[in-house]
Amino acid sequence: MSKTVELQIEKGRNLVEGLRKHVREMGERGFSNSEIEKMEQSLNQLTAANEEVDRLREELQPKVKHMNEILTAVKTAYTESKKTLKGYYPQERWADYGIPDKR
């Protein structure tokens, strides 16, 4: 759970709890039970959405790691191939092989 979301849920629950204790005292000038219930439902929705995001992050993490490993391998192969081609051909021919950079 992200710290920002966790803190907001905690603050919201504390507020709901405090409002429920004092709803009779506040009457018309404060919050009604229905408003407090709506706030509590929103907090429950936020908690559920956050749990889903955490689950998806856990699923995504190994896939991102795998992609980064492949990316590293591709970059290494590109760099090695580029070095080889630059060593064999003059700078004018590098573009023919897809190497746009100059020395």
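This is a predicted model: local features need pLDDT of at least 70, side-chain atom pairs count only at pLDDT 80 or more; totals for chains, interfaces and linings use all residues.
## Two sites and the model

T4 lies in helix 1; helices are DSSP runs of H or I, at least four residues, numbered from the N terminus. From T4 to R55 the C-alpha distance is 17 Å, across 51 residues of sequence.

E37 sits in helix 2. E37 counts as partly exposed at 43% relative accessibility, the class between under 20% and over 50%.

Residues are numbered from 1 along each chain as its sequence is written, and side-chain values use heavy atoms, with hydrogens and water left out.

## Fold and dimensions

The protein chain has two helices and zero strands; strands would be DSSP runs of E, at least two residues. The C-alpha trace spans about 85 × 25 × 15 Å along its principal axes.

The radius of gyration, taken over C-alpha atoms, is 29 Å. A compact globule of 103 residues would have a value near 13 Å, by the rule of 2.2 Å times the number of residues to the power 0.38.

## Core

The largest nonpolar core holds five residues: V16, L19, V23, I36 and L43. Such a core is a set of buried Ala, Val, Leu, Ile, Met, Phe, Trp, Tyr and Cys residues joined through side-chain atoms within 4.5 Å. Helix 1 (3-26) and helix 2 (33-88) each supply at least two of the residues. Helix 1 gives the most, with three.

I36 is in contact (heavy atoms within 4.5 Å) with V16, L19, R20, V23 and F31, leaving aside neighbours within four places in sequence.

## Burial, contacts and charge

Of the 103 residues, 13% count as buried, or under 20% relative accessible area. Contacts between residues at least 6 apart in sequence include 35% that join residues at least 24 apart.

The chain exposes about 8700 Å², with 54% from carbon and sulfur atoms; areas come from the Shrake-Rupley method with a 1.4 Å probe. There are 19 positive and 18 negative side chains. Lys and Arg count as positive, Asp and Glu as negative; His and the chain ends are not counted. The centres of the two sets lie 7 Å apart, with charges placed at NZ of Lys, CZ of Arg, CG of Asp or CD of Glu.

Terms used
Buried means under 20% relative accessible area, exposed over 50%, partly exposed in between (1.4 Å probe, protein chains only).
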